[in-house]
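This briefing concerns the pockets and the sheet architecture of one protein model. Please consult the sequence and coordinates shown below while reading.

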Amino acid sequence: MAGETLRFASVHDISLAIASRAVSPVDCVKHSVDMIERHNEQSQAFLSHDANTALAEAAKAEGEIMRDGPRSPVHGIPFGVKDLIAVRGMQRTCGSRVYPPEICTEDAHVVRRLREAGAIMVGMTSPNEFAYGPTGINAVSASPRNPWDMKRACGGSSSGSGCAVSTGFVPAALGTDTGGSVRVPAAICGVTGLKPSYGLTSRTGIQPLCITYDHPGPLAHTAWDCGMILEIMAGQDRRDPSTWNRPTFRMPEEPDGETLKGCRIGILESYFREDVTSDVASVFDATLEELKSLGCSLTKADPAGLSEALECWNTACLAEAYHVHEQRVRDHHDDMSPDVSSRLLLGREISTQDYLGACRQREIFQAEVAGLMERFDFLVTPTTLLPAISLETGEFESDKGPVNGSQWLGRLTRLANQTGQPAISVPCGFTPGSLPVGLQMIGHWFGDGDLIRVAAAFQQHTDWHSRHPPAGAEK
């Protein structure tokens, strides 16, 4: 396994190759470093990388595996890490000029768990500034270029992580998801992205945006890859109360031909149908027909209070983000991305009463969705209302005219952050302009294993996840 084969191989396949000695961790990391050093100037996926440390860790992993075999499915696998998550020995900037660059002295909890399992952190991937935005366009740092069309953005805020996996720099990357920031770039870049149940993965060592909604999660080529990574990332952390007394995640049984038969799926029709662009809608409708042919039962599902709940997400997010970044936006307003600084300043206007009201409304909506989920195994939507937007204008030219990416890209993903349910985006097709489209599947609270199994079953019957940019970062 080398060259193009290694470039787009899944974590699962690389892990098997490492275990059989067909490929070594050194081969994998050398390939990642070579790709980054040759093509990152064009793609802008990584803000920084540490080749020497990664190669030294790969040599150590190779010796361990030769002696004792791999200790986990990620032993010797190179990862990218969103530049919001602490990685010992690497510089974190949060994609900003005003966040003081720091060489991290310890790993974030999720990074530490992956390192203990033998994973190798290659570098820090580019985000929207402070992870505040769904576009992947960062006016003050770097805006990764979509490998399917280098004039388009990657979606955000984990834009560099989506780009790095799609381009083939690394087989997997870590992101954070506050309103869709793992799933949006996964959909826009044609890879798989998982937001776990809230409380399953620790936020310790991650620069906060909105602690009520922040989730770390993986991006990879397949749902099965994401599940293997989540099994290692997940776990209680005494420094993060959201993880206390939570179930422990374990990988489900592998899917088979019967996995999707009888699966009850709720289509959140009123959530998206009026605003979705026609090219995304046609791909999504074809996907529904595919799910029906695989034995799923499909029913429209419309939870009460949906629009109010999403407005409450916005209220709480604005208030919490301003609280986190109050001093920065006050003292360094002109040095920030204009879209980020203006959004942060909106949070200044949120009263305590409005914030507490939004928190109460979230609890009411969670109860509403819990009742709805008694009828369904999963809920589905397109992951995004539109495909990749222009890097220059921040818009997508639809048949209805220009659509603003900042306003619309994250709209369909916020529901699962508001409720805390697990949600995954898997590739499900392409627009006539050859831009990827994602299917979002939302599961039961702490039903992450069931969600991964069903998403993996869908990928057994389709090949969208195995399609890759024909030229990628070389364009």
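The model is predicted.

**Largest pocket**
- The lining comprises 22 residues, of which Tyr-132, Pro-134, Trp-313, Arg-343 and Arg-414 are the closest to the pocket centre.
- Two or more lining residues come from each of α11 (306-331) and α12 (338-347).
- By residue class, the lining consists of nine nonpolar, 10 polar and three charged residues.

**Second largest pocket**
- Among the lining residues are Ser-270, Tyr-271, Pro-303, Glu-311, Asn-314, Arg-411 and Arg-414.
- Helix α11 provides the largest share of this lining, with five residues, while α9 (269-272) supplies at least two.
- The lining divides into four nonpolar, three polar and three charged residues.
- Arg-414 lines this pocket and is also listed among the residues closest to the centre of the largest pocket.

**Sheet and covering helix**
- The 11 strands of an open sheet with mixed pairing follow the order β1-β5-β2-β6-β8-β7-β14-β15-β11-β9-β10.
- Strands β1 (46-49) and β10 (297-300) form the edges, each pairing on one side only.
- On average, neighbouring strands are turned by 30° against each other, direction ignored.
- Strands β14 (residues 423-430) and β15 (residues 436-442) pair antiparallel over seven bridges; Gly-429 has Val-437 in β15 as its bridge partner.
- Helix α16 (residues 448-461) lies across β7 (192-195), β11 (378-382), β14 and β15, and runs at about 10° to β14.

How values were computed
Residues numbered from 1 in each chain as written. Predicted model: local features only at pLDDT ≥ 70, side-chain atom pairs only at ≥ 80, totals over all residues. Heavy atoms only, no water. 1 Å grid on protein atoms, 1.4 Å probe; cavity = no way out; pocket = protein on both sides within 12 Å on 5 of 7 lines; lining within 4 Å. Helix = DSSP H or I, 4+ residues; strand = E, 2+ residues; numbered from the N terminus. Nonpolar A, V, L, I, M, F, W, Y, C, P; charged D, E, K, R; others polar. Pairing = 2+ DSSP bridges. Axes fitted to C-alpha atoms, helices over the stretch in contact; angles between N-to-C directions. Contact = heavy atoms within 4.5 Å.
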